[in-house]
Structures are given as structure tokens and as C-alpha cells.
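Subject: Structure handover

Hello,

Please find the structure below. My notes on it follow.

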Amino acid sequence: MKKTAGELAEIVGGRLYGDSTVEIDDVRSAESAGPSHITFARGIYAEHIEEMKAGVILVDELPAHYTKNLIVVPDCRRSFGQLVDLYHPESRYTPGIHPTAVVSDKAVIGKNVCIMPYAVIDDGARIGDGTVIFPYTYVGKNAQIGKDCEINPGCVIHENSVLGDRVVLRAHAVVGGQGFGFSTDEKGHHHHIRQLGKAVISDDCELGAGTAVDNGALNDTVVGRGTKIDNLVHLGHNVQVGEDCFIIAQTGIAGSTTIGNHCILAGQTGINGHVKIADNVILGGKTGVIGNIKEPGVYMGYPARTHAQWGRVEVMISHLPELMKKVRLLEKKLKEAEKK
């Protein structure tokens, strides 16, 4: 497919500065783009626009000086995503149930659903219109999946779990597995307490590969609308996550924790159970949260501190070797003074 720079500007709703007749046949990264490609530049990349070889570059702001063909848009990354879909449209799957799939006659299957080889759909499960179920997926008894969902290979959706519309589960995600609930007797033996709540994944959510969302003990575990969860994340029983959050790889959230709306949890964040986190909180990578966070802002470290506090502590720690030398010198002088 080839589009001119002028056509691409119209597609993304931007303003073109440069040659409208340049033909573009694909999208590329800023480093690898050539004369027939379009890319985008923001942040530090925007400082190197003149070094790029792309035929057209999407930008958020027009630089003071430029010689390249630029399209200015409100959000160049989002507009680039539009063009990714234009040049590389997603695969469309033919509706139907593969002969090797095992689908209960008590399940309810919507219109234009695609169920691929070796998927298993148990009694009472409901699958909404336009949903795609990839191979080796299990959908448990009375589970509900909304419209236009994408359930990738190896996923397990346990009994009674609920997925809204347009939910994406990447490979081997597990929704509604038994929460980690045990009692320990006087001999130290652990006894599982069956968890009866549901796992509820709201509309427009995404769960990454290998991510696990446990069912609730009695109440439900809930992931709010539009929240995106990366690979290898664990949400314990009764966790409540708000809307439009980002939860990045290897994060663990212990049971009965509540996360507000529009929060970002960077990679390997760990959160204690029964903790409440306010809206608009950002937790830096490897942050450990052991208590409530009541105010929006950026938090870092273990235990979690505001970014400013964390920075001051890190600076002080870096001076510890020098401080120890001074302390030893003072101790030596004090002993000498005592001898005199």
C-alpha cells in the first residue's frame, strides 16, 4: 500500500509541512525509517529530527527550524498507532466452531464467534458476538465473555468469571483461579478455604501473557474499565483496580487492596494486602507499598515515599562512605583526647 504525505495528514487529522506528494509505503521506527517510511518523534527523539531519514515524521509540535516533511498532530504516538493499523491491519478470523473444539450444548454462543481448535467451552458459559477464542483455551462453567473479545492461546477463564466487551487476554492469562486463602492449624498444617467470589474484568481491558487474576473470597475481584495489564502480573483475591490504569510486568498486588483510577504501577511493584491507593498515583519500578497512599503523585522505593523524599534519601545514602570516614576520624581523635 502506498499513500502520499497529503493523504496521511488527512487520515490522522494533522497539518502537513513539506511535500504533500511524497509516497509512503510503510511505518518504521525513528532509527530504521527510510525515505519511503513514516515515523514519529517526541521527547528526546524530537531533538534529532534533522538526523532522521524518514520520508515523513509525525510530531506534536512544529520545531523552529526544519527541513523534513512533518505532520503536526495533537498526539503523534497515537496517530502513529492509526497508521500502524492502516499499513498492517489485524487479521480477521472466519466465524465458526472448529470440529476439534469441545463446546457444551448448554453453552450460549453469540453471532460471528470464532472458536478455534481444541478450545473447551463448558456448561452454561456465554460468549458474546464477534469474540475470537484461540486454540487450547478453557472457558469454565457459567463464565461470561462479552462482545468482540480476543482470548489468545492457552488462556483459562475459570467458572463464574465475567469478561466485559472488547477484552483482550494474551496467551496463558488466567482469570478467576482460586484465591490464596488458607487457615493454619495448631500443628502448622495449612488448609485451603474455597473462594466463592468472581473475577470481573470490565470493558476494554487487556491482560498480558501469563497474568493471573484470582477470584474473590466472598466478594469479587474487579479490574476497572480500560485498565491495561502487562505480562506476568498477579492480582490477589478481592483486589479492586480502578479505571484506565497501567500495571506493568511482574507487579504483585496482595489481596483486598484497592487501586484508584488512572494509576500507573511500574515493573516489579509490590503492594501489601488491605492497602488503599488514591487516584492518579504513579509507583516507580520496584516500589514496595506497605501502607495507604492518600494523595496523588509519584512514589518510589521501599517503603514507598514521595519522589522528593526518595531522592533526598538516595542522596544521603550515597554520602554514607564519606560520612563513615569522618565518624571514624572523630572517634580516633576522641580516644586520643581521652588518653591525654
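Helices here are DSSP runs of H or I with at least four residues, and strands are runs of E with at least two, both numbered from the N terminus. This is a predicted model, in which local features need pLDDT of at least 70 and side-chain atom pairs count only at pLDDT 80 or more, while totals for chains, interfaces and linings use all residues. Residues are numbered from 1 along each chain as its sequence is written, and side-chain values use heavy atoms, without hydrogens and water.

Within α1, Ala5, Leu8, Ala9 and Val12 are buried (under 20% relative accessible area, with a 1.4 Å probe and protein chains only). These buried residues fall within an arc of 105° seen down the axis of α1, so they line one face of the helix (the arc is taken from the directions from the helix axis to the C-beta atoms).

Helix α2 (residues 76-87) meets α1. From α1, Leu8, Ile11 and Val12 are in contact with Ser79, Gln82, Leu83, Leu86 and Tyr87 of α2 (heavy atoms within 4.5 Å).

The sheet is open and has ten strands, paired in parallel in the order β9-β12-β15-β18-β21-β26-β29-β32-β35-β38 (a pair needs at least two DSSP bridges). β9 (102-103) and β38 (288-289) are at the edges with a single partner strand each, so one side of each has no neighbour in the sheet. Strand β35 (residues 270-271) runs parallel to β38 and is joined to it by two bridges. Ile271 is opposite Val289 in β38.

Regards

Key
Buried means under 20% relative accessible area, exposed over 50%, partly exposed in between (1.4 Å probe, protein chains only). Axes are lines fitted to C-alpha atoms, for helices over the stretch in contact, and angles run from 0 to 180 degrees between N-to-C directions.
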